[in-house]
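Me: I would like to go through this structure with you. Could you take my questions one at a time?

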Amino acid sequence: MSETGVANTLEELKALDREARMLEYVASALSWDQETGMPERAVEERSEQRALLQSLAHKRDTAPRVGELLSELESHNGLGAVDAAFLREKRRQYDQRTRLPDTLVRDLAETASRAQNAWMHARQDDDFNAFKPWLSRLIELNRDAADHLGYEQIRYDALLDQYEPYATTTEVARVFDQLRQGLVPLVQKIAAAEQVDTSFLRRSYDPERQRAYSDQLMVALGYELDRGRLDLSAHPFTTKLGTHDVRITTRFSEHAPESGIFSTVHETGHALYELGTGEELSGTLLSDGTSLGIHESQSRMLENMIGRSRAFWTYQLPVLRRYFPEQLKDVDLERFYRGINHVEPSLIRVEADEVTYSLHVILRFEIEQALISGDLSVADLPGAWREKMKDFLGIEPDSDARGVLQDVHWSMGAFGYFPTYALGNLYAAQFLRVMERDFPDAWDSIAQGDCSGVVAWSRDRVHQYGKMKSASELVQDIAGGPLDPSVFLEYLTEKYEDIYGG
Ligand code: ZN
């Protein structure tokens with residue numbers, strides 16, 4: 001193919017990709033609206049609208065013409081770095097989306113939609129048996145999907161790869177085993193130590209004032225208000241509506257201000273990632289985060305490692321006190337810092353602290369692998385859950401509602417998603433260590449209320465690449481080695497020995 005031929009073929013492929021991305025952004029706008037302000041009775045029609053847009057995007061991504069263009073371009077060497085990455089990721093997307101038969105995709109979507117409804121009722125009534133047939137069916141469909149998608153060794157690989165591209169079950173299992181062996185004794189040690197005081201966090205904090213505080217907080221973290229906005233929703237989330245429109249939501253609870261504060265910080269971390277991808281990737285499939293694990297690394301580094309640090313609150317506590325002078329009048333930096341870093345084994349993953357959180361995730365990873373492989377039957381699931389909770393965290397759920405039924409993921413048919421949450425912690429710790437080395441004044445700047453250097457570092461080393469680099473390439477390039485859970489364990493040990501008296 002001539003140079004002009006290559007350029008034209010690339011242009012055509014990029015145009016098809018761009019149309020699909022634009023359709024997805026429109027679908028995201030409708031989803032955002034649905035979660036934040038849509039009138040209740042619009043729900044059915046809205047589902048139809050979203051499904052239509054998604055199928056239009058899907059048609060563009062799976063058009064036979066895309067396959068032809070890919071094949072033509074793949075025989076050509078000498079593309080620039082961005083175009084080569086575009087081609088690699090477009091091929092990956094095309095294969096994934098064309099390998100699943102339409103009937104299976106429809107069956108999965110319909111089953112998941114009805115299963116979610118069944119799950120909601122089952123959780124309400126604490127009735128695992130009512131959810132069992134749905135879960136069994138979703139597991140079968142996921143096995144079927146994995147077989148169509150293809151894998152080398154373990155069926156679960158194909159599912160994991162949808163959320164954490166290029167990761168393997170064997171590697172994640174190895175890393176998680178090491179992580180679990182370090183976390184369990186650390187949690188036990190903390191549980192045996194004198195507990196920190198959190199009583200001041202249970203006072204009354206007016207949600208309106210919390211909102212006003214969050215508005216300035218996200219700006220202090222580098223979130224640009226002409227490229228996003230903050231709204232309220234039942235479950236906090238970040239959504240991308242375009243290159244310059246990445247929105248976040250949060251929620252406020254009167255007697256738990258830390259919930260709203262750290263949800264806002266967490267989602268701001270996700271938003272900064274999406275807003276920080278390079279201009280030349282804009283509107284292409286390369287402009288999204290490279291994996292859910294790397295996404296979580298950006299939200300968790302900001303939320304836990306920066307946002308729950310002494311340095312951060314050296315500046316922010318006096319600011320927060322201006323909003324809540326009465327509630328915080330007897331709370332100094334040390335009391336506040338310890339309170340927001342309180343560790344306690346608990347039943348619910350989304351309420352878990354920084355130390356116990358990954359154990360909730362490892363439990364789910366081990367269980368869903370066993371469900372997919374058939375080593376664990378759905379009937380034995382609640383028992384397996386309770387046993388692992390006891391082993392990992394030393395507590396047992398008082399009900400299935402607060403145990404195996406607590407998360408929405410499986411009812412959505414999402415298997416392979418959970419591990420990305422804990423992978424995020426591990427990536428974040430490795431990145432943080434390098435940032436501290438590259439930028440020795442980082443903590444001093446943060447203590448003076450200036451987070452711009454931290455954000456600039458993340459943009460430079462992580463955000464700008466979008467999907468150009470895979471998660472493992474990022475870790476290799478930044479940390480100079482593979483994923484290593486010992487860095488996160490060291491970070492936790494140092495921080496929490498200080499808080500809990502060593
Ligand atoms: Zn997140």
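**Helix pairs, core and loops**

Reply: To begin with a helix pair, α12 passes α13 in a right-handed crossing. Please note that this is a predicted model.

Me: At what angle do the axes of α12 and α13 cross?

Reply: The axes of α12 (residues 310-323) and α13 (residues 333-340) cross at roughly 110° and come within 10 Å. That angle makes α12 roughly perpendicular to α13.

Me: Which residues make the contact between α12 and α13?

Reply: On α12 they are R310, W313, T314, L317 and L320, and on α13 they are L333, E334, F336, Y337 and I340.

Me: What else does W313 touch?

Reply: Leaving out residues up to four places away in sequence, W313 touches Y213, I261, F262, G307, R308, P318, L320, L333, F336 and I340.

Me: Now the nonpolar core. How many residues are in the largest one, and which have the most contacts inside it?

Reply: The largest nonpolar core has 119 residues, and F176, W313 and F431 have the most contacts inside it. Helix α16 (residues 419-438) gives the largest share of this core, with 11 residues. Domain 1 (3-150) and domain 2 (169-500) each supply at least three residues to this core.

Me: Which residues does the second core include?

Reply: The second core is separate and has 17 residues, including V66, A85, F86 and M468.

Me: F86 is in a helix contact too, I think. Which residues of α1 and α4 make that contact?

Reply: F86 is on the α4 side, together with D83, L87, K90, Q93 and R97; the α1 side consists of L10, L13, K14, D17, R21 and E24.

Me: And how do the axes of α1 and α4 cross?

Reply: The axes of α1 (residues 3-36) and α4 (residues 81-99) come within 12 Å and cross at roughly 60°, which makes α1 oblique to α4. The crossing of α1 past α4 is left-handed.

Me: Changing topic to the backbone: what is the phi of D126, and where is D126 found?

Reply: D126 has a positive phi of about 50°, although it is not a glycine. D126 lies in the loop between α5 (102-125) and α6 (128-149). For context, most residues other than glycine have a negative phi.

Me: What is the relative accessible area of D126?

Reply: The value is 35%, so D126 is partly exposed.

Me: And what about Y166: what is its phi?

Reply: Y166 is not a glycine, yet its phi is positive, at about 75°. Y166 sits in the loop between α7 (155-163) and α8 (169-192). With 44% relative accessibility, Y166 counts as partly exposed.

Notes
Residues numbered from 1 in each chain as written. Predicted model: local features only at pLDDT ≥ 70, side-chain atom pairs only at ≥ 80, totals over all residues. Heavy atoms only, no water. Core = buried A, V, L, I, M, F, W, Y, C linked by side-chain atoms within 4.5 Å. Buried < 20%, exposed > 50% of the residue type's maximum accessible area, 1.4 Å probe, protein only. Helix = DSSP H or I, 4+ residues; strand = E, 2+ residues; numbered from the N terminus. Domains from an automatic or database assignment. Contact = heavy atoms within 4.5 Å. Axes fitted to C-alpha atoms, helices over the stretch in contact; angles between N-to-C directions. Parallel < 35°, antiparallel > 145°, perpendicular 65-115°, else oblique. Left-handed = near helix turned anticlockwise from the far one by under 90°.
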